[in-house]
Structures are given as C-alpha cells and as structure tokens.
Amino acid sequence: MPCGEDWLSHPLGIVQGFFAQNGVNSDWEKKVIEYFKEKLKENNAPKWVPSLNEVPLHYLKPNSFVKFRCMIQDMFDPEFYMGVYETVNRNTKARVLHFGKYRDVAECGPQQEVDLNSPRTTTLERQTFYCVPVPGESTWVKEAYVNANQARVSPSTSYTPSRHKRSYEDDEDMDLQPSKQKDQHAGARQAGSVGGLQWCGEPKRLETEASTGQQLNFLNLSSPFDLNFPLPGEKGPACLVKVYEDWDCFKVNDVLELYGVLSVDPVLSILNNDERDASSLLDPMECADAAEEQRVHSPPASLVPRIHVVLAQKLQHINPLLPACLNKEESKTCKFVSGFMSELSPVRAELLGFLTHALLGDSLAAEYLILHLISTVYTRRDVLPLGKFTVNLSGCPRNSTFTEHLYRIIQHLVPASFRLQMTIENMNRLKFIPHKDYTANRLVSGLLQLPSNTSLVVDETLLEQGQLDTPGVHNVTALSNLITWQKVDYDFSYHQMEFPCNINVFITSEGRSLLPADCQIHLQPQLTPPNMEEYMDSLLSAVLPSVLNKFRIYLTLLRFLDYSISDEITKAVEEDFVEMRKNDPQSITADDLHQLLIVARFSISSRCVSQRTYLLTQEYPIKL
C-alpha cells in the first residue's frame, strides 16, 4: 500500500498543512493538486483509493479521499463559498485563518466563532455537477473494477446515515448509535444567522454554502427522491460534485473519473429556523417552487453525497482492460497497446467465428456486426456525422428469444449498452428526450441521455399493430434524429438545445426497419437450435475468459486507431466513383460513396490490411 496513509483517510489535514505554510498565497492550492497528482502516480496508488462505485457509502469515512466513475447528468448554477475565513477566540481574542475549499461546513474550534466582517474573508466560486454512475455500464466492467480495487474499508462509525433513505442494500452495520447524531446536533436549536450564512451550536460550524440542505420529511413530500438516472433499473450513488478548477472543460454527458474529498455531513440535511420563517413569508406557489428546487439541489447527504474534486479526468472509454487514455501519442509508448496490435488479425478471426455462431451461422452478418461495433463518429462536416454505422439486422425470428440473447452476447463485449424494447406501450410511455424542469431548476433525464460509445440495441421484433400517441411520435422522431444526425434535441420548453452524441445503434427487426439505417443485412440462419437459451449459454461458456477479454480490448481499441488516407488512395477513390456513376448513374449517389468509404475504413482498421485492397475490391457491398 502507498506510504503515508493519511492522504487517503485525512486529505483535509494535508490541505491544512499546505495552507498553513503558504497562508493566503494562492500557491498553496496548486501545491495541493500537485501533491495528490504525485501520490496517484505511485505504484498502484489509484487502486487503493476507495471508489463510490464499488464501496457502499456507509463503509466510507467522512472527509476521506475517494474516487467516482460517473457521467455528468446535469450542471447546476455556480455557487459562492468562503474560500478563506477568520475565526476569533471569545476569551483570548486570538484570530486564526482557515480555508473553506473542499468543505461544505466550516469548522470552528472550542470558544471560537467566525468573524463574518473580517476584511481577510474571501468569497470564491465553484461549479456543481449532478453526476450519476455511467448509464448502461456492463456487468463485466463493474466486476473488473471491483476486482482491481484494493482499498481496505470497514463500516464507518464517525457519523450516522439518515434513516429515511439508503443508497445500498440493508446492512446491520448501518445501525450505528442513532442517538449520537441527535446529541451531535443538539446545538442546532441555538442556531443563528448573519448575512444569509448559517452556523450551528457546539461544535461551532458555519456552512460555506449560501443555502443549506433540507430534510425530505420537513418538505412534506410523499414521493421518494428521484435520483434522475437516465435508464430504468440503474443502481449506485448519485453525487453532487463540487469542481474548483477548469470546470469549463466539462459538459453534460461527459464521463469522468473524479478524485476528491467525500462530504456526508448530516448538517447538510437540516433546515434551520430562519429558513423556515423566510419560506413561510413567501407566496404559497413561490414557496412550493422554492421548496422543490431546494429539495433537488440540496438532497440528504446520506442519499446524495458530495465530492469536492481535487483531480478530475475526462475518460475516453470505461474499458478497465485498457489504459484510460488512448490518444495517438500515448498509444505509441504503451507497451500493452503496441503488443496487442500484433494480435489484431487472429483476434478478429476468433471474434468473427464467435459472432457467426451467435448469428446462427451467418458469417456475412457477423462481418457487418464487427464493423458496427468498432464504428465511431470520428469527425463532423457541418451537420453530417462521419463514422456512424447503424446496422439493421432484418430477418430476426418473431416471438423468439433470439434478439434477447443476441443482446446478451453484445453486453458481454461492449463496456456500456442498453436494449430498447420497441413496443407501442414503451414508445408512448417512456421519456426519450431529457427536458428542463423549471420548478426544480434541473434537467430531467431521458433514455437518450447516454454517454459516447454506448451501444443502443433497438428490438423492433416486439412491435405490434397499435396507435402511437403524440409522445410516441416524438420518441420515434428523436430516435430517428439520433440515428441520422447523431444528436438529441433536449427540450427546454421555450426552445430546443442540440446535444451532439456518438451512440452506436443496432436495430433488430423481422422486416425492414421503420427507422433509418446505414446498412441493412438480412439474417440467413444456417442452423436452428431447438433451445435458443441453451445454445447461447453454451456459446458463452465455451469461450475462455482470456479470449473474451481480447474481444473486449479489440472492439474498444479499434475505435481509437489513427487513420489517414494517402493521396494515391484519394485519387483511386475518385476514379472508382466516376466509373460507378457511369455504369449506374441513377442509383449511385454521394451517400453511397460515403457508406463505401466507411465500410472500407473500418474493414481496414479491423483487418490491418492495405487500403487499396478494400477500396478496389469492395468485398462486402452494402445492401441498401
């Protein structure tokens, strides 16, 4: 384990040391960041940091150093906090400076109080993100991260989680001295406020935020708190993430790996008397709106913990079998990546055989499925996304479990996926498009709020005759726009805001799909298993875990391979296209050229053979 365990269990002590050495000089903040960067470079240090994705919240010590793999679901308004504040000893009148960074609650020692009028007090700004676990993250990804994590944790006894909500499964260890919390906050009855800032009785504490959390019970709201996960059935913690530097680099739907200080102080869930009195003076409708916004933006810390970010990294992918960064420069120096490149051809051959069996012996459909799985939007020309490759697999048997088990195969290969069962009921009932709730001042998630490189499998074989109502028509339109333009228009009531995306859509249908597709391939089964479930189970069990991991590395790695077309090939493409137009001027269009180039690009990448071979032979003509 990395030496100096204090940086994991007591990161604020490390911060205090730098602050004490440098005072109000801003260099102390840079030194803190550099310190934790260096610590995480030590041998396997990231594996020793407890993760909110794998460790139940009640096992984590408050104010400890944690990490979180998540997607930005929403961005709240920036908030002000006391970056530096001064306390005064009531007896000796001695003054002490404190830092407010990485804290929700400002601590005061015995006989100390905060001097709100001190000229040395500084007010700073930080950005708050509402983050959720990566939507659709595959089970194998979760298991790999759990197995790699070496953090040693045990049930925390330093605070008591609020009992009206739990983030994880019931555990006897959560019943930790329920009376302790009451005693700890008994001083809250003596609370006061000055200038809109609150503090509690002993131990003296001053909240650094302008607005405190509210207990769900006090708001008298019968509905449970909605964690706002985009996909149904998702589990895990949602977090309010406080970012102090470079928050302009991040945007909604980005996938991040965060390292920071965990804050679960119960005082965040307490509404003081002054706020209650102020709320009672408002118009009833305004009061309800304010209460709903407060409930969403300051939920109980036991349900939605806070993370004060020290380090944040935008993730290109979430495949735990590969290095986090796969850009051109780092890939060249990575021995693992360069070593795997020599195995691409044999791995592809094995993957093709595996998918051929999954597609009931249809090797051509398996070829197209590989091209689909490695496709990605690599650039945009005006509104046209280049690199998308939506495949419609028609000919799927109706009233069969084939499509369900085929999706299970895909789940075992890609890091994140979701199967949309395209029934009339689902199309009319489900919310596809995220929309702005102005009452709660938040972005309400929808099914299409997904991170880049998610595999979306649309099962059209379940579609029967029926009537689509207005929401259903909007959902079909949104799905079509996603496929065609790789964008989702979020609904902000008074206007729509376009959010570009990079989502692989694979459509299974009986006949030609109702949705647009870049390629349609008709399934031609060479065998008919008497029991589809047993057949697919035996197929998965026959593949060694090491081989399955190679498939996963292959499909992720090929999305990031550098690719360029030489002048010679560009000229050859132009000549071939002219000849194709001469032979069939009515059918061959610029769209056909684009699709052929996409197929050639991904075929070259997947096989690592010459560009000339694929562009001129056109071994796999697209079925339009």
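Mentor: Here's a walk through the pairs, one after another. Bear in mind that this is a predicted model, with local features needing pLDDT of at least 70 and side-chain atom pairs counting only at pLDDT 80 or more, while totals for chains, interfaces and linings use all residues. Numbering starts from 1 along each chain as its sequence is written, and side-chain values use heavy atoms, leaving out hydrogens and water.

Searching the whole structure turns up 28 salt bridges (a side-chain nitrogen of Lys or Arg within 4 Å of a carboxyl oxygen of Asp or Glu).

Let's start with Glu 245 and Lys 101, whose side chains meet at 2.4 Å, N to O. This pair ties together distant parts of the chain, 144 residues apart: Glu 245 belongs to the loop between strand 10 (239-243) and strand 11 (255-263), and Lys 101 to the loop between strand 3 (95-99) and strand 4 (105-107). Strands here are DSSP runs of E, at least two residues long, numbered from the N terminus. Glu 245 has a relative accessible area of 27%, so it is partly exposed; Lys 101 has 2%, so it is buried (buried is under 20%, exposed over 50%, partly exposed in between, with a 1.4 Å probe and protein chains only).

Next up are Asp 254 and Lys 314, with their closest N and O atoms 3.4 Å apart. Here the link spans 60 residues, from Asp 254 in the loop between strand 10 and strand 11 to Lys 314 in strand 12 (residues 306-314). Asp 254 counts as buried because its relative accessible area is 9%, whereas Lys 314, at 39%, comes out as partly exposed.

Then look at Asp 459 and Arg 419, another salt bridge, at 2.7 Å from N to O. Asp 459 is at 0% relative accessibility, so it counts as buried. Arg 419 also falls in the buried class, because its value is 16%.

Methods. Helix = DSSP H or I, 4+ residues; strand = E, 2+ residues; numbered from the N terminus.
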